[in-house]
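User: Please go through this structure with me by question and answer, beginning with the overall architecture and then turning to individual residues.

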Amino acid sequence: MDKGLYPLDLLTGRSEDHIILDQRIGLPVHQDIIAPLLALKEKSLESGFDLQVISGFRSFKGQLNIWNFKAKGKRPLLNEKGIPLNYEELSEEEIVEAILRWSALPGASRHHWGTDIDIIDHRALPSKDYVVELNPQEVADDGIFGKFHLWLDDL
């Protein structure tokens with residue numbers, strides 16, 4: 001792949017030519033992050049964590065679905081502290097602001113590149129049924145992923 005500027009389709013999630021599904025990672029990501037990500041995963045295991053990618057490449061359509069579900073009140077809207085907002089009480093402008101606080105505009109997400117990923121410490125999950133939200137409470141120092149985030153910060 002050309003290391004120069006990406007064509008617009010790659011940058012906006014309308015192409016997957018730069019994406020690979022590596023079974024060791026479990027989700028599609030940019031081919032250039034596989035080796036460093038696997039090295040980080042190994043380092044996490046040595047430190048008592050189990051790095052797991054829970055979100056990798058996201059297509060334009062995938063990002064649009066997230067946006068539309070939030071815009072229609074079918075997914076929670078959160079304030080800056082991760083506390084749910086009452087959709088019915090928000091103006092259209094406030095809905096857009098709330099969505100943009102936590103989700104990129106379709107076509108502008110770094111997930112489209114396949115290099116922006118969301119990771120957790122799988123060992124920290126309280127149960128297999130736990131739904132990860134990636135909110136401030138989960139990643140706070142005393143949150144379920146707090147120790148993992150502190151470890152990442154110290155790398």
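User: In what order do the elements of the protein run from the N terminus on?
Analyst: The protein has six helices and four strands. In this predicted model, the elements run from the N terminus on as α-β-β-α-β-α-α-β-α-α.

User: What share of the residues of the protein count as buried?
Analyst: The C-alpha trace spans about 45 × 40 × 25 Å along its principal axes. The accessible surface comes to about 9,700 Å², with 52% of that area belonging to carbon and sulfur atoms. Of the 155 residues, the share that counts as buried is 34%.

User: Among contacts between residues at least 6 apart in sequence, what percentage join residues at least 24 apart?
Analyst: Contact here requires heavy atoms within 4.5 Å. Among contacts in the protein between residues at least 6 apart, the fraction joining residues at least 24 apart is 60%.

User: Against which elements do the buried residues of H6 pack?
Analyst: The buried residues of H6 are Gly146, Phe148 and Trp151. The elements they pack against are H2, S3, strand S4 (118-121) and helix H5 (136-139).

User: How far apart in space are Leu38 and Ile25, C-alpha to C-alpha?
Analyst: Leu38 lies in helix H2. Leaving aside neighbours within four places in sequence, Leu38 is in contact with Arg24 and Ile25. Leu38 and Ile25 are 13 residues apart in sequence, and their C-alpha separation is 7.6 Å.

User: Is Leu8 buried or exposed?
Analyst: Leu8 is placed in helix H1 (residues 8-11). Together with Leu11 and Trp113, Leu8 makes a nonpolar surface patch of about 280 Å². Because its relative accessibility is 61%, Leu8 counts as exposed.

User: What distance separates the C-alpha atoms of Arg14 and Gly48?
Analyst: Arg14 lies in the loop between H1 and strand S1 (19-21), and its relative accessibility is 51%, so Arg14 counts as exposed. Beyond its neighbours within four places in sequence, Arg14 is in contact with Asp9 and Phe60. Arg14 and Gly48 are 34 residues apart along the chain, and their C-alpha atoms are separated by 38 Å.

User: What is the phi of Leu134?
Analyst: Leu134 lies in the loop between S4 and H5. At 29% relative accessibility, Leu134 counts as partly exposed. Leu134 is a residue other than glycine with a positive phi, near 50°.

Key: Residues are numbered from 1 along each chain as its sequence is written. This is a predicted model: local features need pLDDT of at least 70, side-chain atom pairs count only at pLDDT 80 or more; totals for chains, interfaces and linings use all residues. Side-chain values use heavy atoms; hydrogens and water are left out. Patches are made of residues with over 30% relative accessible area and no salt bridge: like charges are joined within 9 Å, nonpolar side chains (Val, Leu, Ile, Met, Phe, Trp, Tyr) within 5 Å. Accessible areas come from the Shrake-Rupley method with a 1.4 Å probe; for residues, only the protein chains shown count as cover. A salt bridge is a side-chain nitrogen of Lys or Arg within 4 Å of a carboxyl oxygen of Asp or Glu. Helices (H or I, at least four residues) and strands (E, at least two) are DSSP runs, numbered from the N terminus. Buried means under 20% relative accessible area, exposed over 50%, partly exposed in between (1.4 Å probe, protein chains only).
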